Amino acid sequence: MNAYQTGTHIFETRFGRIIAVKENGIIKAKSIRYAHSRRFQRPVPAEPSASDIISPDKTPVCPQALSPLVEKMIGATPVESFEADESTQYLSVTRPEKIVENEKLPVVVWIHGGSHEIGCGDISTADPAEWVKEQNIIVVTVSYRLGLFGFLGGDEKRPPNLGLFDMIEALQWINRYIAGFGGDEKNITLLGQSSGGDAIAHLMISEGTEGLFQRVIIQSAPLGLRHKRQKMSAEFLKKTEFLKDETDVIKMMDEYGKLTPSVMKYGLKAAMPFGTQYGFPPLCTEEESAEMWKANAGKYDVLIGLNNDETAFYLKTSEALNKYFGKGIGLKIMDKTVEKTTAFIYGDPAKKFAENYASGGGNVYLFRIYSRLKDNHIGAPHCIDLPLIFGNESAWKSSEMLKGIPWDRIHENGKKLRALWAEFARTGKISDSSERPEILELQKV
């Protein structure tokens, strides 16, 4: 007999009466609006509701173009279950069904990746239910504005960093209301992967974030692409000026894709044309950033790292490149290119970030995830950490990235990794005696 019941659960919170779904040992309150916004304006916090708050039939998502690479490597997006919404300030709360009365659970806030351009907080490949049940934590997944709406700007009519302002508004909502779900508002860890990790690193030095979180876990942040982006952003902003008043968001998505900056002109950073922009609120200038991270070293516990073969996700999956570099001397060139680009975009910047933070007296851990499989030519690429952290085998069954990797191996290593990350979220530390998965190297800096 199943000890858990399926049905609804009502959270009586200061924000309102929230109707959640109860299933398989977890409770999920989905797509709660935490703020509103008009196009190219800062978010305004949502007011508490006098009527019941019920999740919408379809998951709101910021307008975006599907990525063929993501569709292939991670899995097809069920577009019929999503609805485009420019004002994409929604969050979902996932909690264990059974908790001790008056217990305050540690809270992990998931900031999704996707080059500041695609994705949302609620997708099945990042469903935290398995982790929540195993580790008795609360996970809040956050959606925010992307691309043209959230991460490109440069003047009063189109300000930059609106996606960051959305995240700050979400964190303020969490601090005000998470106690109503059994969460500890004084024990909040931000977890982000790829551009989500980049955003979290910059939230650490943003105005208006004081006291909103205590720890960060930064996975595969492309911090090597953060430098000297001003000219590229200005050019992209100018080219897309004619789209600012366009009412057809599908047309906006189609048109801006033809105007993205050239990698030939701007180098690797043009591979991520949207991003956080220094010198505009809530950020400092680029020249001040390293010193600000160092100055804030006493505020946050940090766990930062990467996968060993990040750029294999892009390079070794290309049919055109594999035609010429798929074997023999070509494969050796490909392997060296993956090694060098991974170091430049992810590895060296993570190490430098950790060492700078530690020099300011900060508590910081540095990690690296490996494949350890002899016959896995792609190694440990970008996004391989996602099934490890979130599990959910059924969501990953069509993933090309996991082809040939037994799910038992993902689950065995993932369960140990989830335990370590939860330990860090609870205490800000990882004990030397805690069991490590074989794929992980971890050090205190």
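Mentor: Before we start, contact here means heavy atoms within 4.5 Å of each other. Keep in mind, too, that this is a predicted model.

Trainee: Okay, which helices do the buried residues of H6 pack against?

Mentor: Start with H6 itself, which covers residues 230-239. Its buried residues are Met232, Ser233, Glu235, Phe236 and Leu237. Follow their contacts, and you reach helix H7 (249-256) and helix H8 (263-266).

Trainee: Is Glu185 buried or partly exposed?

Mentor: Glu185 forms a salt bridge with Lys104, with the closest N and O atoms 3.4 Å apart. Glu185 sits in strand S11 and Lys104 in the loop between S8 and strand S9, so the pair ties together parts 81 residues apart in sequence. Lys104 is partly exposed at 44% relative accessible area. The cut-off for buried is under 20%, and Glu185, at 18% relative accessibility, therefore counts as buried.

Trainee: What about Arg39: how many residues apart are Arg39 and Glu86?

Mentor: These two form a salt bridge, their closest N and O atoms being 2.6 Å apart. Arg39 is in the loop between strand S4 and strand S5, while Glu86 is in the loop between strand S7 and strand S8.

Methods
Residues are numbered from 1 along each chain as its sequence is written. This is a predicted model: local features need pLDDT of at least 70, side-chain atom pairs count only at pLDDT 80 or more; totals for chains, interfaces and linings use all residues. Side-chain values use heavy atoms; hydrogens and water are left out. Buried means under 20% relative accessible area, exposed over 50%, partly exposed in between (1.4 Å probe, protein chains only). Helices (H or I, at least four residues) and strands (E, at least two) are DSSP runs, numbered from the N terminus. A salt bridge is a side-chain nitrogen of Lys or Arg within 4 Å of a carboxyl oxygen of Asp or Glu.
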